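Open the model in your viewer and keep the sequence panel beside it. This tour goes stop by stop: what to select, then what is there.

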Amino acid sequence: MPKNKGKGGKNRKRGKNEADDEKREMIFKEDGQEYAQVIRMLGNGRCEAMCIDGTKRLCHIRGKMHKKVWIAAGDIILVGLRDYQDDKADVIMKYMPDEARLLKAYGELPETTRLNEGVAGGIDEDDDGAGDDYIEFEDEDIDKI
């Protein structure tokens, strides 16, 4: 039987998630970067995001974040724009919910951005037409069928 020469298995690669508790420094966008909100995950380390400048881009999650930082629909991310492809971008970092609220308070994100939604650009909660989804039948209508 062969000897095990590795240093461990899957759980060692996964590591410990100790860095989540501590506060990290806020990183604002620089030249060639843009804020975006994830519309949907596409798989294979990619996602579709709506940038703050109004462009929908296909974003590639960089290898440093690939299996360590989980990105879901509705998250606020910082993307690096490509000089040669305007419809594609690279995810540089994901903002935690409290950091995203701070970005909105500082005026970096527009007021129309929804932070607590699961999906970007969802239906308004105060929609008045919510009760119009059912049809009421009379007894006479059932007899005709």
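Start with the whole chain, coloured by secondary structure. From the N terminus, the elements run α-β-β-β-β-β-α-α. That comes to 3 helices and 5 strands. Helices (H or I, at least four residues) and strands (E, at least two) are DSSP runs, numbered from the N terminus.

Before zooming in, note that this is a predicted model: local features need pLDDT of at least 70, side-chain atom pairs count only at pLDDT 80 or more, and totals for chains, interfaces and linings use all residues. Residues are numbered from 1 along each chain as its sequence is written, and side-chain values use heavy atoms, with hydrogens and water left out.

Stop 1: Select the strands. The 5 strands close into a barrel in the order 1-2-3-5-4, with mixed pairing. Neighbouring strands of this sheet are turned by 50 degrees against each other on average, direction ignored. The axes behind that angle are lines fitted to C-alpha atoms, for helices over the stretch in contact; angles run from 0 to 180 degrees between N-to-C directions. Two strands pair if DSSP finds at least two bridges between them.

Now select residues 76-81 and 88-94. These are strand 4 and strand 5, which run antiparallel and are joined by 5 bridges. Find Ile77; opposite it in strand 5 stands Lys94.

Stop 2: Select Arg82, in the loop between strand 4 and strand 5. Which side chains does the side chain of Arg82 reach by polar contact? One is Gln85, at 2.8 Å. Another is Asp90, at 2.9 Å. A polar contact is a pair of N or O atoms within 3.5 Å; within protein, one must be able to donate a hydrogen and the other to accept it, and residues adjacent in sequence count only if both atoms are side-chain atoms. Leaving out residues up to four places away in sequence, Arg82 touches His60, Lys88, Ala89 and Asp90. Contact means heavy atoms within 4.5 Å.

**Stop 3: the nonpolar core.** Select Ala36, Cys47, Cys59, Ile71, Ile77, Val79 and Val91. They have the most contacts inside the largest nonpolar core, which has 13 residues. Such a core is a set of buried Ala, Val, Leu, Ile, Met, Phe, Trp, Tyr and Cys residues joined through side-chain atoms within 4.5 Å. Buried means under 20% relative accessible area, exposed over 50%, partly exposed in between (1.4 Å probe, protein chains only). Strands 1 (33-43), 2 (46-51), 3 (56-61), 4 and 5 each supply at least two residues of this core. The largest share, 3 residues, comes from strand 2. A second, separate core of 9 residues includes Leu78, Tyr95, Ala100 and Leu109.

**Stop 4: the cysteines.** Show the sulfur atoms. How many disulfides are there? The count comes to 0, with a disulfide defined as a pair of cysteine sulfur atoms within 2.5 Å. For Cys47, the nearest cysteine sulfur is that of Cys59, 4.6 Å away. Cys47 is buried, with a relative accessible area of 0%. For Cys51, the nearest is again that of Cys59, 5.7 Å away. Cys51 is buried too, at 3%.

**Stop 5: a buried glutamate.** Select Glu48, in strand 2. Glu48 counts as buried because its relative accessible area is 17%. Its side chain makes a polar contact of 2.6 Å with the side chain of Arg40.
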